Amino acid sequence: MISLSDVSKTYNEGRPNAVTALHGVTLDIARTGVTVFMGPSGSGKTTLLSLVGCMARPTTGRITLDGEPVSGLPERFLTELRRVKFGFVFQRFNLIRGLSVLDNVMLPAAPSGEDPKAVQARAMMRLEALGLAEKALMPVEVLSGGETQRAAIARALVNDAPVLIADEPTANLDTALTHRFLDIVAGLRDAGKTVILTSHDPRIISASAVTAVVEMRDGQMVRGRG
Amino acid sequence: MIFRTPILTLLLVSALAILVALGAAWFGQRVLRQWDLTSGSRAQLLMERRTELISTLFAMVMLAEAVALFLFVFNADRMAALFVGAMCAVGTLNVNPYGFPALYAKIGVFFAAAVWLVMDHVDRLGRDYPLTRAKYALVLAIAPLVIVAGGLELAWYLGLKTDVITSCCSKLFTPANAGISDEMAAVDPALALWALAGAQVLVLALGTFAAKTGRGHGLFALAGAVFFAVALTAMVSVIALYVYENPNHHCPFCILKPEYGYIGYAFYIPLFGATALALGLGAVAPFKRRGSLRAPLPPVLRRLTLWAMAGFAAYGAVTLYAIARSHLILFG
Amino acid sequence: MKTLRRQRALADYTLAALARRKVKNSALVGVFSLVVFLLASAMFFASALRHEADTALQGVPDLIVQHLSLGRQGMISEDRIAELESIRGVSKVRGRLWGYYYDRVVGANYTVMVPDGGAMPPPGQVIVGEGVLRARGLDWEGAPLFLSRKQGDLSRFDIAKTFDSDSALLTADLLLMNEADFRAFFSVPAGVYTDIAARVRNANELATIVDKATRIMPDERFVTRDDIARTYMKLFDWREGLMVALGAMAMLAFAIFAADKASGLSAEESREIGILKAIGWDTRDVIAMKLWEGGLVSIGAFLLGCVAAYAHVFWFGATLFAPVLKGWAVIYPDFPLAPVIDAAQLVTLFLLTVLPYAAATVVPVWRVASADPDAVMR
Ligand SMILES: Nc1ncnc2c1ncn2[C@@H]1O[C@H](COP(=O)(O)OP(=O)(O)OP(=O)(O)O)[C@@H](O)[C@H]1O
Ligand SMILES: [Mg+2]
């Protein structure tokens, strides 16, 4: 269970350009299932996701992860937590150009000091499961949109993190690829992973794999379902 | 004199060290006043990130200072050829009254920095910054030392006049000359060797105990400091005699010369390294029971203890080697 | 183990990153190695000269006595030889004849000496340094050397042999003559010498002996070998120091350049670091990675610069610096310098170049590394 209680986030706090992106959000996210944050642009979905994923600390309020408070932790702690607990797929995928697919997938494991052979084996396994094994040694810039996304998913899963976080994963995909993505998500859910997405794509929100939807508006939660 | 490459280099290192020490001290006082891990504020976050910068810079400059200490002595030895009456580093250091104080200050900086680096290393093991306050309190003490050392060094180099007739080791380390150096020289050789053996046994025994049980690092540090003092006394009183194969030459600097195969470095590098590690261990031992360190600290303490013991043992081994190789017979 | 593997993974990433930005990094290494090259050349060259001087000084007598009249050096009477021999501890006292000869033909100064002992050339013959031959353009075997002291007066000497170039620093302009030839050529009367050389067996007694001798011969000046060595050393040190100070300015300029480069990251590079932070790299991981980068660049530049300097000084005779360090003599020794480098020199050079570079780049690197991890989410 990931719980947020009365969480607010203000960017550029104390400066004239301060923006409060989230106002007193209270929310529980189940550890089994697929949760989607939906809402219009600028409603604070990405901000909420970054707080849930230990990317940033809330300005006020508490976040607990499986009962452990994480909102007050030093950044160093938070980073480590993020590395082992969360995998991220970004809106623009953010693979590093010039590196091969395999190198990109292995990157999140670099700071943990694991045996490189073990990491590589795990990365190859993920790539294989996502149908990218034969592209492993290609540079990422030659991949197609769907392949890029799958490479990004493989990277998010390489540390065996129990929670997968994806920001607008289907924004640039056509219907076929969106369905393929939903299949992957369903597979992960069945494997016991927690998946948290943001989207304003009705195809996602109405998908059968989705177990909970959180609707946002102007930095506030307006409705939760599931 | 200032236009000598090693001198320019040493002054550069000192200047950088002073800059970094000042910056670190400024940040240190802020840490002591404002550090609050429980606050999630942006200011605290930025301060946490800044500790990474200060640690990196400080570690870098202090490693350079350790190398500079070696260069300092080496260069003093080389410059002996420039001064009438100087045979080794002692003569050069004696050219004006700032030489020896500069050396002692630099040694002080070396040990303080080593303690700090050990603390920094341990601090990074725990995720909740367990030693950060202590570390920055220490920075406030180290900064003035670094400045004093740099100042003395500069004063010494500026005061190096080649027309000065200086006095060297043959005058300094003799019973005829009053002072601590002659007292060290006057210690009975047999007594000095026994004391060295005793200190060696003590330090290794305490080290073994600390490595085995994970306790008693404070005592080990103390024993290390005692060993350091005894080792230097033994060097002046008897080991030097064996190295030079001359019953009257007590100088602890001439052994750094090429004529003696640079054997001095084989003595001093392990001795200084081990003592520095031991002191560092003593400084971090009180933090063993901190929650975030309980798991990661013991293996690191053990490893550092073993390294320190290896250094102390190396000093003893090199001593035995020097005695065995020597043609000088002092006893029997 | 874990630490090592982490460092290896970071180093691997760095290598790949360096390879991806070849142009920028080669430019950096290029400029840096140029600075290292300048500094290293100056240091290697000065130490080679010091070494040459040391070798040469081994043949210099322990004590030299000169006669001073009106504050200038004059010829010394041979009576002093016996007086000096009477002092205990002094041996092998002998008078020396030497002087300078200005060769109007080529505008060069030669040092003319009467050697003592074995190497004495027979009357009418000379032994010359290779610099003299070069100046005169006497490249064929058996060519005679004509020297003239005053208008219309020409002396012919045959060249007995030339010096090999082992200690060329001191022999390049040297011309050895028979004693009788020397006295005739320079009109030096019998019974006087240029100066007197002596050996003192125990170096520790030198000061006492000089004291005693000064009391017996108040008009003479005593120069010990250590005095000469000190003068040489100071001269070379000072010149080297000056060049190094100049090199250090270049280093400073480079450090500023490097700091600028490190802080002005391309948009692509800062994005990359943002991504790394977002996927779980900590500030210190990024710093460590960047330190690897700086380390690899410095090591590369350091090695390149040192090797180039080595080649420059010891294979190509330090063509760029020689005029400054050797002095401005017309006759200029042409000889390979004996390679002498010690660890302390390399350590010095390393501190002098890599430390400022590292110090200059750490702050910008840290600035980059402390980016907010959530920055790439939008
Ligand atoms: N670093 C920042 N500094 C200032 N304001 C910010 C920052 N990040 C986000 N904001 C503001 O916070 C608000 C919420 O942004 P957020 O990115 O969370 O929206 P979103 O719901 O993800 O929008 P979209 O669907 O367009 O991605 C916006 O008004 C945005 O301008
Ligand atoms: Mg968004």
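Guide: Between chain C and chain A, the rule finds nine residue pairs in polar contact, with both residues of each pair at pLDDT 80 or more. Keep in mind that this is a predicted model.

Visitor: Which elements give two or more residues to the side of chain C that touches chain A?

Guide: They are helix H1 (2-20), helix H9 (267-278) and H10 of chain C. H1(C) provides the largest share, eight residues.

Visitor: And how do the residues on that side of chain C divide by class?

Guide: There are 11 nonpolar, two polar and 14 charged residues on the side of chain C that touches chain A.

Visitor: How many salt bridges does the rule find across the interface of chain C and chain A?

Guide: One. Asp285(C) pairs with Arg83(A), and their closest N and O atoms are 3.9 Å apart. That pair counts because the salt-bridge cut-off is 4 Å.

Visitor: What area is buried between chain C and chain A?

Guide: About 2,600 Å², with carbon and sulfur atoms giving 59% of it. On the chain C side, the residues that lose the most area to chain A are Ile279(C), Met377(C) and Arg378(C), which together make up 26% of what that side buries. In terms of contacts, 27 residues of chain C meet 33 residues of chain A.

Visitor: OK, ligand now. Where does ligand 1 lie, and how many residues surround it?

Guide: Ligand 1 lies between chains A and C. It is surrounded by 15 residues, and the closest are Ser41(A), Gly42(A), Lys45(A), Thr46(A) and Thr47(A). The shell divides into four nonpolar, eight polar and three charged residues.

Visitor: Which side chains have a polar atom by an oxygen atom of the ligand, and at what distances?

Guide: Ser41(A) is one of them, with a polar side-chain atom 2.4 Å from an oxygen atom of ligand 1. For Thr46(A), the distance from a side-chain N or O atom to a ligand oxygen is 2.5 Å. For Glu168(A), the corresponding distance is 3.3 Å.

Visitor: How much of the ligand's accessible area does the protein cover?

Guide: 69% of the 630 Å² that ligand 1 has on its own. Strand E2 (19-29) and helix H1 (45-52) of chain A are the elements that give two or more residues to the shell. H1(A) supplies the largest share, three residues.

Visitor: Back to salt bridges. How many are there over all chains?

Guide: A search of the whole structure finds 34. Among them is Arg76(A) with Glu52(B), at 3.3 Å from N to O. Arg76(A) is in helix H2 (residues 75-85) of chain A and Glu52(B) is in helix H2 (residues 42-79) of chain B, so this pair joins two chains.

Visitor: Last one. Where is Glu13(A), and which residues does it touch, leaving out those up to four places away in sequence?

Guide: Glu13(A) sits in the loop between strand E1 (2-11) and E2 of chain A. With that exclusion, Glu13(A) touches Ala18(A) and Thr59(A). Glu13(A) and Thr59(A) are 46 residues apart along the chain, and their C-alpha atoms are separated by 8.5 Å.

Definitions and conventions. Residues numbered from 1 in each chain as written. Chains lettered and ligands numbered in written order. Predicted model: local features only at pLDDT ≥ 70, side-chain atom pairs only at ≥ 80, totals over all residues. Heavy atoms only, no water. Near = heavy atom within 4 Å. Polar contact = N/O pair within 3.5 Å; in protein donor to acceptor, adjacent residues only side chain to side chain. Areas by Shrake-Rupley, 256 points an atom, 1.4 Å probe, with all protein chains shown as cover. Nonpolar A, V, L, I, M, F, W, Y, C, P; charged D, E, K, R; others polar. Contact = heavy atoms within 4.5 Å. Buried area = accessible area lost by both parts, 1.4 Å probe. Salt bridge = Lys/Arg side-chain N within 4 Å of Asp/Glu carboxyl O.
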